[in-house]
Amino acid sequence: KTENKELTKRSAHEKKNIDAIKKFHLKHIEKWGGSWTHHSLVTLQRQSISRILYYNELYQKMVGVPGCILEFGVQWGATLAQLISLRGIYEPYNHTRHIYGFDSFEGFINVDEKKDGSHIDDGDYCVYRGYEKSLEELLRLHEENCPLPHIQKFSLIKGDASITSKNWANENRHAIVAMAIFDMDIYQPTKDALEAIKPKLVKGS
């Protein structure tokens, strides 16, 4: 596991490689100036590009399907940030495309060894205490870089998804779901969240 209690299958060579790229990034980010977001792409690896392309394809397939987007398993928020940017690209004036992010922000909760395996533990994939507030500020900045910045079109929902998904479904009886992303890695909250939102899925979800 990494220092953030994340599972990894990187070899020693791969770890050495990515550490060197990280060192390069940190050394040059101040030198890149105001265009640092563009120039920092020089350190973007194929795995990250693959993930971006994957969500780009999913989003394009969803365009035209009414409803909100739900992500279960936010962690540091990389996918949420991508979704906000993709919405700004493909649906810049769709103010009804709200994006919800569900996470405990404390890592895994109530890991079941039989269903989830003995290789993971409670607290794996955690972030630092209070990170969700920093993430919310960052996501607002991303929205401000898109059309209709005066309308907040995302929400972070903190807690055990087994509970918060049901609460959300009850509190948003009118809502329908265009896309749901499950990235929680453990059985029970994934099952509970899917059952909670299943009645809200529509043709094309």
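**Close-up views: salt bridges and a nonpolar patch**

The structure holds eight salt bridges, each a side-chain nitrogen of Lys or Arg within 4 Å of a carboxyl oxygen of Asp or Glu. This is a predicted model: local features need pLDDT of at least 70, side-chain atom pairs count only at pLDDT 80 or more, and totals for chains, interfaces and linings use all residues. Residues are numbered from 1 along each chain as its sequence is written, and side-chain values use heavy atoms, with hydrogens and water left out.

**View A. Arg 51 forms a salt bridge with Asp 183.** The closest N and O atoms are 3.7 Å apart. The pair links distant parts of the chain, 132 residues apart: Arg 51 sits in helix 3, Asp 183 in the loop between strand 4 (177-182) and helix 8 (187-197). Helices (H or I, at least four residues) and strands (E, at least two) are DSSP runs, numbered from the N terminus.

**View B. Lys 61 forms a salt bridge with Glu 57.** Here the closest N and O atoms are 3.6 Å apart. Both residues lie in helix 3, four residues apart, about one turn of the helix.

**View C. Lys 158 forms a salt bridge with Glu 132.** The closest N and O atoms are 3.1 Å apart. This pair links distant parts of the chain: Lys 158 in strand 3 (residues 154-158) and Glu 132 in helix 6 (residues 131-144), 26 residues apart.

**View D. Leu 41, Leu 44, Ile 49, Ile 52 and Leu 53 make a nonpolar surface patch of about 420 Å².** Patch residues have over 30% relative accessible area and no salt bridge; like charges are joined within 9 Å, nonpolar side chains (Val, Leu, Ile, Met, Phe, Trp, Tyr) within 5 Å. Accessible areas come from the Shrake-Rupley method with a 1.4 Å probe; for residues, only the protein chains shown count as cover. Leu 41 lies in the loop between helix 2 (36-39) and helix 3 (46-62).
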